[in-house]
Amino acid sequence: MAQSQTERSGQSLLCVRGICKMFSLNQVLKGIDLEINPGEILALIGGNGAGKSTLMKIIMGIYQPDQGEIEIRGEKVSLNRPSVALTHGIYMVPQEPMLFPNMTVEENILVGVGFDAPGAELRRRLAQLMDDIGWHLDLSRKASSLSIAEQQLVEILRGLLRNAELLIFDEPTSALTFDEVESLFRCIRDLQKKGIGMIYITHRLTEVFDIATHVAIMCDGVITLHGPIGDFTREMLVKGLLPPNMQEQEIKGTAEATMVDYKNAKPILELQNYSGYGFRGINLKIYPGEILGVAGVVGAGRTELATTIFGKDKVLGGKAILDGRDITGLSTKKVLEAGVNYVPEDRHLNGLFKISDVAANTTSAILNRMVMGKVFLNRKAEHDLTQEYVEHFRIKVTGQDQLTGSLSGGNQQKVVIARALSTKPKLVILDEPTRGIDAVARGEVYSIIHQLKEQGVAVMLISSDMEEIVELSDRAVTVYQGRINGEFQKEEINQDNLMAAAFDVISREQVVS
Amino acid sequence: MTLLKKMGKVREISSLFFLIFLFGLVGLMNSDFLTPTSLFNCFNDSVVFTLLAVGIAFVILTGEIDVSIGATLGLSAAVSSTILRDGGSAVVAVLAAVLVGCLVGLFNGFGIAKLGIPSLIFTLGTNGLVRGLVYVYTGGAWVENLPAGFTRLANVKLVGELTTFYAMALLLVIAAHLILTKTRRGKYFITVGDNPAGATMVGIPTMQTKIMAYVLCGLFASVAGILYSSRIGFITPTAGNGYEMKAIAACVLGGVSLSGGLGSLIGASIGAVIMSSISRILVFLGFSSDYDNTITGILLIVIVVVDAVAQNRAAVKTRHARLASRSGPLEEESGNRRAAS
């Protein structure tokens with residue numbers, strides 16, 4: 001390893017030029033240039049959907065670029081399989097460790113391609129390596145018994161034992177505790193001294209200034225900012241994270257939207273020190289006729305909060321009170337009946353019966369109600385109700401019997417929302433309601449959300465799209481690592497504030513308990 | 001960790017204990033069952049299922065399934081038997097059978113690994129197709145009058161009561177087991193079933209590995225077909241019908257997880273002995289062997305249900321642990337954490 005570096009000094013470890021990648025009609029990468037030298041730690045930051053993961057998958061040989069070239073130590077390569085990337089000394093430590101749970105630690109490290117020595121030699125080297133880093137693991141343990149930090153260590157050892165000269169970390173700290181982060185950083189600094197180059201993807205700006213030597217910001221498929229870490233301040237990075245055209249047009253919601261009268265209103269839902277898997281100590285009130293934006297990065301615990309309120313996951317502490325009634329820990333069916341509905345993040349996975357028709361989808365949540373007939377379905381009632389929503393939401397269908405899977409994304413989303421509303425809820429939780437739908441449909445979904453507000457329904461809007469939160473919310477909170485770390489009144493909601501809080505760059509006064 | 005606890009963790013040990021327990025129980029009720037000849041026959045008679053179970057174990061370990069092995073056994077048996085009956089050489093007969101097995105395996109592997117079709121559906125189709133070919137090939141007639149030299153082979157004893165066939169099968173199992181656990185490429189099968197995405201990340205060719213698993217499965221089924229012909233002495237068009245369920249049950253009973261990535265060939269072969277002994281046990285206990293399939297089915301369902309419940313629990317537990325570690329510890333420690341960061 002050391003030898004090869006002196007030989008090739010002066011050459012960059014990895015150099016990518018003009019990488020473009022398209023998925024169906026979606027241009028995910030629009031010409032990426034990036035260079036990493038030995039001993040450099042490049043922090044790569046960017047919002048969700050900026051294209052970071054796609055770029056890394058191209059470097060790992062999982063995807064092939066449509067255009068552009070990749071050089072490793074000055075040599076042009078075609079990374080068409082992960083095994084090619086591995087033999088070229090690239091190793092990626094994925095966000096969620098991908099170990100083989102039923103195999104031992106040793107088997108996990110030694111399995112696969114990219115090795116240049118027989119097993120016995122590798123075992124000796126592994127022992128040496130663990131001594132050097134000073135992390136000790138029982139090699140005979142099953143991977144399923146390891147903590148996330150230990151699993152990450154195994155991933156790193158996998159890479160190092162393959163003589164990786166470029167390590168890619170994809171949000172390595174998102175599942176780690178504070179102490180574990182510290183020991184990971186120690187390890188990264190050691191590796192840096194040995195001349196290993198690293199790409200460090202993260203959502204946490206604090207970490208960027210802790211360990212990175214260089215920083216690059218990706219935004220909508222292009223690198224908008226790139227350079228040594230010393231050239232930047234936090235504020236500059238936060239600015240860089242916003243879409244380029246956003247600075248001018250910070251829309252403050254629709255002007256005609258009625259303001260919520262907080263003085264006289266009683267909250268529909270009140271969470272008191274509410275804890276569950278993935279979030280802790282949440283205090284929150286949602287009022288009727290209010291749109292509460294819940295911002296944050298993916299994995300911050302927002303979806304878990306929603307599914308727990310909805311009775312799909314276990315409550316670990318605290319209370320949820322809906323309209324004066326304690327709904328803590330009730331089953332999904334009871335929560336639904338109490339007046340809460342949840343429109344999940346991934347409508348394909350959780351929300352939609354694709355091969356059923358539109359009518360069946362719209363009414364499926366209220367099949368057990370009398371209106372739909374006691375034993376046999378009341379077809380007329382089903383038809384009337386569906387027609388009402390189709391007209392009201394302008395769902396584009398050829399007829400009520402069209403299969404829902406054949407609708408466009410936006411219209412599918414409208415069907416899912418219609419279904420949620422058919423239960424006449426007091427509170428609707430919308431989880432990423434406009435992900436993957438086009439601009440026109442997005443506008444229509446927004447107007448539906450406004451209609452709900454006018455009808456006095458409380459809306460909890462979970463979104464990673466800061467623009468969406470800004471446009472719709474009456475009030476917004478940000479969730480960071482399972483806790484609410486910021487609360488903003490209507491006039492304070494802007495992309496700068498939200499982005500800063502979502503990445504936990506926030507002055508202490510703004511922190512609510 | 002105590003030795004007993006360690007042994008409990010090795011899944012095939014519990015299958016072995018179950019085998020001993022079962023045989024002991026039957027022995028208590030009918031001591032004739034425990035004579036050396038009877039016991040050896042339990043093993044000797046399991047030779048066909050042992051080969052089937054070990055073959056399909058490769059596929060199950062990669063997280064897939066193959067319900068066409070019964071038909072593959074039937075076609076290989078029919079092809080090799082007709083060659084022998086018509087005076088062809090033994091080498092040609094064996095090669096033809098093996099070719100049949102490998103081709104069926106390749107076909108399955110291509111459809112499942114390359115085209116991504118669910119394995120249950122695809123191999124169900126293959127099952128119908130191959131079973132149909134048996135009828136076409138034999139014209140629906142039995143293949144009889146096999147050379148006496150061939151049918152006598154099944155009864156040749158190597159030492160004592162142990163038949164040469166079973167000894168051969170055991171050797172094959174041990175060889176396959178060593179390849180699977182000790183060689184770098186052999187471990188690919190388990191990794192692909194354990195975590196397909198993870199296997200791709202460390203450069204394991206998942207597609208080739210799955211195709212290879214199906215080819216090996218077909219190969220083992222065809223060898224089982226040859227031994228089947230020798231043992232039975234004639235081939236009906238339905239030869240091997242329903243054997244896939246017994247082979248799958250044998251794997252599951254031997255500790256091979258149907259979700260892939262967990263289990264061993266040794267376990268599968270122990271399971272095969274238990275499965276093939278069920279009809280014998282029924283006779284010794286004075287029941288009709290008509291119950292055979294019912295009991296096999298019940299055993300299969302019970303074990304699979306227990307396995308699935310255990311796996312679900314484990315999955316929920318790890319998810320919770322992961323989410324909990326993200327948001328940090330409860331209460332007072334969280335204060336320190338904030339201050340520290």
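Visitor: Leaving aside its neighbours within four places in sequence, which residues is B:G111 in contact with?

Guide: Two residues count as in contact if their C-beta atoms, placed from the backbone, lie within 7 Å. By that rule B:G111 is in contact with B:I117 and B:F122, its neighbours within four places in sequence being left aside. This is a predicted model, in which local features need pLDDT of at least 70, side-chain atom pairs count only at pLDDT 80 or more, and totals for chains, interfaces and linings use all residues. Residues are numbered from 1 along each chain as its sequence is written, and chains are lettered from A and ligands numbered from 1 in the order in which they are written.

Visitor: Where is B:G111 found, and is B:G111 buried or exposed?

Guide: Helices (H or I, at least four residues) and strands (E, at least two) are DSSP runs, numbered from the N terminus. B:G111 is found in helix α6 of chain B, residues 90–114. A residue is buried if 20 or more other C-beta atoms lie within 10 Å of its own, exposed if 12 or fewer, and partly exposed in between, with C-beta atoms placed from the backbone. B:G111 has 20 other C-beta atoms within 10 Å and is therefore buried. Its C-alpha atom is separated by 27 Å from that of B:V173, 62 residues apart along the chain.

Visitor: Which residues of α9(B) are buried?

Guide: An α-helix has 3.6 residues a turn, so residues three or four places apart point the same way. In α9(B) the buried residues are B:F165, B:Y166, B:A169, B:V173, B:A176 and B:L180. These residues are on the same side of α9(B) because they cover an arc of only 90° around the axis; the arc is that of the directions from the helix axis to the C-beta atoms. On the other side of α9(B), the exposed residues are B:L171, B:A175, B:L178 and B:K182. Elements that cover the buried residues include α3 (36–44), α4 (47–61), β2 (162–163), α10 (187–194), α12 (206–232) and α14 (265–284) of chain B.

Visitor: How many residues does helix α9 of chain B have, and what does it reach from its first C-alpha to its last?

Guide: The expected span of a helix is 1.5 Å times one less than its number of residues. Helix α9 of chain B (residues 164–182) has 19 residues and reaches 26 Å, close to the 27 Å expected.

Visitor: What does the domain assignment of chain B give?

Guide: Domain bounds come from an automatic or database domain assignment. For chain B it gives domain 1 (9–287) and domain 2 (291–341). Their C-alpha centres lie 33 Å apart. The contact takes 15 residues from domain 1 of chain B and 12 residues from domain 2 of chain B. On the side of domain 1 that touches domain 2, α13 (243–253) and α14 of chain B each supply at least two residues. The largest share of that side, 6 residues, comes from α13(B).

Visitor: Turning to chain A, how many helices and strands does it have?

Guide: Chain A has 18 helices and 20 strands. Of its 513 residues, 47% are buried.

Visitor: In what order do the strands of the sheet with β6(A) stand, and which strands are at the edges?

Guide: Strands of a sheet pair through backbone hydrogen bonds, either parallel or antiparallel. Here two strands pair if DSSP finds at least two bridges between them. The open sheet has 6 strands in the order β6-β7-β8-β3-β9-β10 (chain A), with mixed pairing. At the edges stand β6 (90–93) and β10 (222–228) of chain A, each with a single partner strand, so one side of each is left without a neighbour in the sheet. From one strand to the next the twist averages 15°; axes are lines fitted to C-alpha atoms, for helices over the stretch in contact, and angles run from 0 to 180 degrees between N-to-C directions.

Visitor: What is the pairing of β9(A) with β10(A), and with β3(A)?

Guide: Strand β9 (residues 214–219) of chain A runs antiparallel to β10(A), joined by 6 bridges. A:H214 has A:P228 in β10(A) as its bridge partner. With β3(A), β9(A) pairs in the parallel sense over 4 bridges, and A:L44 has A:A216 as its bridge partner. In β9(A), 6 of its 6 residues are buried.
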